[in-house]
Amino acid sequence: MIKLTGDNIFKAIIAIIAASAAIILLLNTYVLVTGSANIFATSGFEFISGKNWDPGISSFGVLPYILGTLLTSGIALLVGVPLSLGIAIFIVEMAPKTVRVPFSYLVEMLAAVPSVIYGLWGLFVLRFWVLNYIEKPLNTYLGWIPIFSGTPTGLDILTAGLILAIMIIPTVASVSREVISAVPNSIREGAYGIGATKWEVIRHWVINYGRSGIFGAIILGLGRAIGETMAVTMVIGNATGPKAMPTSLFQPGQTLPSLIANGFFDSDTPLQSSAYIGAGLVLLLISLLINVAAHVMVTRVLKVKGGAVE
Amino acid sequence: MDNIKMQSVNLNAWFGTKQALKDINISIKTNAVTAIIGPSGCGKSTFIRTLNRMHELAPTAKMSGQILLDDQNIYDSTVDPVMLRRRVGMVFQKPNPFPTMSIYDNVAAGLKLTGVRKDKNLDEVVKRSLQQATLWDEVKDDLKKPGTSISGGQQQRLCIARAIALEPEVILMDEPTSALDPIASAKIEQLVVELKKNYTVAIVTHNMQQASRVSDYTAFMYLGSLIEFGATKDIFESPKNQLTERYITGEFG
Amino acid sequence: MRGIPAINLQFLTGDGLRYGIGPAIQGTLILIGLTSAIGIPIGIMTGVYLAEYGTNKYASWIRSINDILTGFPSIIVGITAYSLIVVGLTGTFSPIAGAVALAFIMIPIIARTTEESLKLVPNSVREASMALGIHRWRTIISVILPSAKSGLITGTILAVARIAGETAPIMLTILGNTYFFQGLGKAMDALPLRIFASSRSHLQVEQTQAWGAALVLILIVLALNIGVRLASRGRYKR
């Protein structure tokens, strides 16, 4: 028996409003699933495994864009994670106080910069640095390796990956920083006590102790890289059709978000719009997979830790 | 037995599967101070929190038995715990004035936020409550200052004033001096003795001297059971139970 | 910054025909207002529920979903708002559709920061209020929320700063144009869209416009961020 008191009414109202999160998720899923029903009915699994995206012949395959998404995000992690960890370790373990505070503010400010501004900077500045200082030398000397082949333009998969690397640094660095500062000092003291050097302490004890948290930080960064739209759209070169299949880092590519951002309004047929929404669904699934995995892993780790403490 | 204000009848309480109180029968007399003593973990705080139904706010808390307030069971389904708490006030271990409110607003909070102020002059109530809590002279010029800006002992008296403002019938105190220095504690003790003129007081303390100084009746609890209950004088001078004697002579605690 | 030479009064207030960004600034402010009107109340109430009543299974589900939504690709909420509102309900691009898309992003962020701020309010404050016989809803509104005020304001402003720079979702919902505000049912411009559109132009004057718009946007966003930090630092000192 629940009485209609002010307290119960209040609780019921905010409980219903709290369902907004679930409603947002369901609405998004619903729209993407119904919107893409057409393309999946027409192309079936071909939509995922197909390599050709040609509205002219009503052929839609998103494999190149899935690969483009994974490749750019992979570059982002490869470059961004070590830098982020370095920054986090520097801030927590090495920097004197006068440097630490402004430096960590700076990192947080980087997180606040809108992605379209990263894109603009990538398009007019970073592109030429990448082209002149990385791509041309690599192409000249190592061009016989397939991934370094082709004619570098600066608007390609490598630049997109690098700009994503910069964009995930604030996320990964600030979460890792929190994780590393949460490592109890007794761990450090214990390690110093058995004669470990500063570097050994950081590497074997601090990182080891915080590894689950750092892993979570990396996954968060990956999530951000995969869903990022504008900055990538502006620098990746936006290849379509069979050309979008990535073979070299120096070649224009396309990711799922940039595909949608570029073409969504150019759809001539219902099937084509459905294909764009289908690309959105694939993106949603990849992103959900990553986020759910991160969530489950992090909460499980926390639970185990909680149990151990009790 | 006319002068019994509150009474526990076969009271049991649990946290999850752990039993915190076993068959407690204590009566709290009107306009007297009843002290509950015992070593940590004996259930004395749990007991006092069952008296205004704060116990049930803990997630896994359960209880059985009865608590009578003026012969009515407060766990009866017709009793609204919120209304009950306006009749049975509480002061906590650590002073907990509302952090965003001024001294004045802290005292007035109970009246303002329960909506019972209508026919009352707030200024008058605030002044009277602070006077009763022997705090008025110290803060009368600073009523607009934050409640957290005064000393710990003053904060605790502010919390007492806040409880008094609602004119409760019973005031429960859960180790009200344990976070305070000896001088501030002494003031609270004097205040407790004063309060019994107008209110019924139950006080939990781990300080036996305090219990003997302020209380008229004392209950000694151990491991969730009531070991001995009687007039304070009897408990301290001629305890019947051997365990009580060992505790008050400081053999364990 | 390359944007500096672009900035002058005409640039800031002029419409698209004169390569000004007046419409874009106006549009961004309108979007911030509309999104906040939807997102802040819902976000805060969700956070209140999670913090104050969040021990049950339902709440832990909501909390998990919220966590997942904060990592959601923003272009997807654009597709959703486009399909539901632009195509489904109104048939036009509109600031309303844009605000709904942005609110989808804002709500989980505010819900989370609200929950975190409320959890920092010591339990003793809740107990004190309950022991006075103050109703729980009253306790939450009049005692707990004011105690968490600085955290709530910080979280809200950071969420506003975040959505002010979002591009992909509004691209699909307000479309962008070069005119000043035409009504709640019409397409509208916004700074991020102006930056994106102008950056693709080969005209020097439009590229300059993109840099100028970027400078204005980044100033807005950084001002919000720095303001919050200075304000909260002042508060902790006291």
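Colleague: Over how many bridges do strand 1 (residues 4-15) and strand 5 (residues 61-69) of chain B pair?
Modeller: This is a predicted model, in which local features need pLDDT of at least 70 and side-chain atom pairs count only at pLDDT 80 or more, while totals for chains, interfaces and linings use all residues. Residues are numbered from 1 along each chain as its sequence is written, and chains are lettered from A and ligands numbered from 1 in the order in which they are written. Helices (H or I, at least four residues) and strands (E, at least two) are DSSP runs numbered from the N terminus, and two strands pair if DSSP finds at least two bridges between them. B:Asn12 stands opposite B:Ser64 in strand 5 of chain B, and the antiparallel pairing of strands 1 and 5 of chain B runs over eight bridges.

Colleague: Which residue in the turn between strand 5 and strand 6 of chain B has a positive phi?
Modeller: Strand 6 of chain B (residues 72-73) runs antiparallel to strand 5 of chain B and is joined to it by two bridges, with B:Leu68 opposite B:Asn73. The two strands form a hairpin with two residues between them, and the phi of about 50° belongs to B:Asp70.

Colleague: What is the radius of gyration of chain B?
Modeller: Chain B has ten helices and eleven strands. The radius is taken over C-alpha atoms, and the globule rule is 2.2 Å times the number of residues to the power 0.38. The rule gives 18 Å for 253 residues and the value for chain B is close to that, so chain B is as compact as a globular protein of that length, with a radius of gyration of 18 Å.

Colleague: What percentage of the residues of chain C is buried?
Modeller: A residue is buried if 20 or more other C-beta atoms lie within 10 Å of its own, exposed if 12 or fewer, and partly exposed in between, with C-beta atoms placed from the backbone. In chain B, 48% of the 253 residues count as buried. Chain C has eleven helices and zero strands, and of its 238 residues the buried part is 58%.

Colleague: At about what angle do helix 2 (residues 22-53) and helix 5 (residues 95-119) of chain C pack?
Modeller: Axes are lines fitted to C-alpha atoms, for helices over the stretch in contact, and angles run from 0 to 180 degrees between N-to-C directions. The axes of these two helices of chain C are 6 Å apart, and the angle is about 35°.

Colleague: Which helix of chain A gives the most to the side that touches chain C?
Modeller: Two residues are in contact if their C-beta atoms, placed from the backbone, lie within 7 Å. By that rule, 48 residues of chain A and 50 residues of chain C take part. Among the helices of chain A that supply at least two residues are helix 1 (6-18), helix 2 (20-43) and helix 13 (270-309). With ten residues, the one that gives the most is helix 2 of chain A.

Colleague: Which helix supplies the largest share of the side of chain C that touches chain B?
Modeller: This contact takes 17 residues from chain C and 22 residues from chain B. Two elements of chain C give two or more residues to its side, helix 6 (123-131) and helix 7 (136-147). The largest share, six residues, comes from helix 6 of chain C.
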